[in-house]
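Here is a walk through a predicted model. Keep the coordinates open and follow the residues as they are named.

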Amino acid sequence: MIKFESVSKTFLSQKKAVNAVDNVSLSIAKGEIYGVIGFSGAGKSTLLRLVNLLEKPTSGRVVVNDRDVTSIPSRELRQLRRRIGMIFQTFNLFNSRTVYGNIAYPLKLARIPKDQIKARVAELLSFVGLEDKADQYPEQLSGGQKQRVGIARALATSPDILICDEATSALDPETTGEILKLLKRVNEEYKITILLITHEMHVIRSICDRVAVMENGRVIEEGQVFDIFANPQKQTTRNFISSVQNDKLSPKLLETLKKSHKGRLYRIVFRGGATSEPILSQTARKYNADFNIIYGSINELQGQLFGSLIVEFPERTPQLEPLIHELSQNVEVREVIDHES
Amino acid sequence: MKVDWNTFWPRILEATGQTITMVIFTLIFGAILGLVIGLLLFVTRKGNILENAFIFSLLNIAINIIRPVPFIIFLVTISPFTRAVIGTTIGTWAAIFPMTIVAAFVIARVVENNLVAVDPGIIEAAKAMGASPVQIIVGVLIMEALGPLILGLTFMTVALIDFSAMAGTVGGGGLGDLAMTYGYQRFDGSVMLVTIVVLIILVQIAQFLGNTVSRKFLRR
């Protein structure tokens, strides 16, 4: 659907070349929700704009719907852009037009007859739940309502692809949740492929199928969201994950825990199937050992459970070594000695 | 000297008509020309849709040359052009020509400033929808800037009422001319007072109309 083939984009700023996007190769499949996460300045916003050629790549190819967009003539490019909807962090609605006028605008550009525009706008307004706001101006709407209008406008020409530029970053958590749900519906009901960029890991966790982590213009890690969460390779990725998964111990907390728990501390990580078996209690019972869960979390990720616990075994536990050995046959176990980064 | 009020009132009426004629025609021609120059200035700006350093600096310099010249000096300086275009350097139309030139360049700056103020994100959104440069200019840029543009034109209208006072020097007539010849040169305070009151009323009407219309389009 969307393919980046060794794409680079260099900007010249004050005679210095900045590699906003540095040799990125990615492939986004039809029908999936693909997220790109990175801190600001990582190059994700530029990467997104390469898809509809708001930015032209310095080198490499961007292929959309089997067409190389980098060499497309401007008239055809405008046709192609109607197949790619786009929504923005700051919504970018036309302040001079009503909600109706905003959603109708791309249809007018496509020279759709007026009665068809009317029907289509009504359909979209009901899809985003703003039937009663057609005659209002953007200034009269809340942030969440503005983004709904943005989504309706982006969907007007029935695109195959929706690209989202930090679409929820300007919204409060509750509204963010509603917009993410709406995007999920866009993906499921209209079968639209979604490419989104964000700096918020919970956006990735909530709706994405696959994720790429960007840093300094490069993709440093890429894969299924569950795999990335379960087994992150890079420090930046781990930082993003710990921002939504509160299972890392701070040095201070570890010190406190060690004061009140004199036993030995182990981190036990469950993934997927392992969470449905009572592995911990079965094993402990077999060795007649006590244990004490002192910290942890269990999260749902793409329909699979993912948990991480810190468990204390009393110092006097007999046969602790074989117990740990048997546990580690089924789940990931490591002793917590120092604080973890 | 005493004023003959019987001939004075028709004269006031005639002068008011001349002022309104000059201002309205100048505004129409100046706005059309100014919009074109302002748009050219905006789109040829660095990083914009039709970036062109040569055209941009040419227009930019032209504006900066014309704007600081006092209008009365400008009026006299371009009189050869006025003769070439209008056929005469005397009369209302001979005043409208130089007024239009100055108005066009001032309006061009007003247009440029207001277009620059349009959120680039909105332009990007239109581009992403597949709008062509012309569609963006007409359907997005001008529409988005319409409220402040109308306020800018209102400001220009008031300035033109002021400019039209100088038209008397080329026989253009108008209220300013009346105030100068009857009020100032003949030391008649009452004539001056009447013309000033009429001018104030004209300015009030222009500003009221401008505010009312722009409010319909100001949306942010």
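A:E326 counts as partly exposed, at 22% relative accessibility. The cut-off for buried is under 20%, so A:E326 does not count as buried. Its side chain meets that of A:K286 in a salt bridge, 3.0 Å from N to O. The pair links distant parts of the chain. A:K286 sits in helix α11 (residues 279-286) of chain A, and A:E326 in helix α12 (residues 320-330) of chain A, 40 residues apart. A:K286 is exposed, with a relative accessible area of 57%.

Over all chains, the structure holds 21 of them. One joins A:R83 to A:D160, with the closest N and O atoms 3.3 Å apart. Why does this pair tie together parts that are 77 residues apart in sequence? A:R83 lies in the loop between α2 and β6 of chain A, while A:D160 lies in the loop between α5 (143-155) and β7 of chain A, so the bridge spans that separation. A:R83 is partly exposed at 30% relative accessible area. A:D160 is partly exposed as well, at 23%.

Now take a local case. A:R185 forms a salt bridge with A:E189, and the closest N and O atoms are 3.1 Å apart. The two residues are four apart in helix α6 of chain A, so about one helical turn separates them. A:R185 is partly exposed, with a relative accessible area of 33%.

Where is A:E166 placed? A:E166 is in the loop between β7 (161-165) and α6 (173-189) of chain A. Its relative accessible area is 7%. The cut-off for buried is under 20%, so A:E166 counts as buried. Its side chain makes a polar contact of 2.4 Å with the side chain of A:S169. Neighbours within four places in sequence aside, A:E166 is in contact with A:K44, A:Q89, A:I197, A:T198 and A:H199.

Turn to chain B. UniProt, in an unreviewed entry, lists residues 16-210 of chain B as "domain: ABC transmembrane type-1". That span is 79% helix and 0% strand. Its end C-alpha atoms lie 20 Å apart. B:T26 is in helix α1 (residues 5-43) of chain B. Is B:T26 buried or exposed? B:T26 is buried, with a relative accessible area of 0%. Not counting residues up to four places away in sequence, B:T26 touches B:A31, B:I96, B:M99, B:T100, B:A103 and B:L160.

Finally, look at where the chains meet. How many residues of chain A are in contact with chain B? The contact involves 21 residues of chain A and 20 residues of chain B. Together the chains bury about 2000 Å², 54% of it on carbon and sulfur atoms. On the chain A side, A:N95, A:S96 and A:L109 lose the most area to chain B, together 24% of what that side buries.

The polar side of the interface can be counted too. There is one salt bridge between chain A and chain B. B:E124 pairs with A:R49 in a salt bridge, the closest N and O atoms being 2.5 Å apart. Six residue pairs are in polar contact across the interface. In chain A, α2 (74-81), β6 (84-88) and α3 (99-109) each supply at least two residues of the side that touches chain B. By class, that side has 10 nonpolar, four polar and seven charged residues.

Terms used
Residues are numbered from 1 along each chain as its sequence is written. Chains are lettered from A and ligands numbered from 1 in the order in which they are written. This is a predicted model: local features need pLDDT of at least 70, side-chain atom pairs count only at pLDDT 80 or more; totals for chains, interfaces and linings use all residues. Side-chain values use heavy atoms; hydrogens and water are left out. Contact means heavy atoms within 4.5 Å. Buried area is the accessible area (1.4 Å probe) that two parts lose on being put together, summed over both. A salt bridge is a side-chain nitrogen of Lys or Arg within 4 Å of a carboxyl oxygen of Asp or Glu. A polar contact is a pair of N or O atoms within 3.5 Å; within protein, one must be able to donate a hydrogen and the other to accept it, and residues adjacent in sequence count only if both atoms are side-chain atoms. Ala, Val, Leu, Ile, Met, Phe, Trp, Tyr, Cys and Pro count as nonpolar, Asp, Glu, Lys and Arg as charged, and the others, Gly among them, as polar. UniProt positions are given in the numbering used here, feature names are shortened, and annotations may be inferred rather than shown by experiment. Buried means under 20% relative accessible area, exposed over 50%, partly exposed in between (1.4 Å probe, protein chains only).
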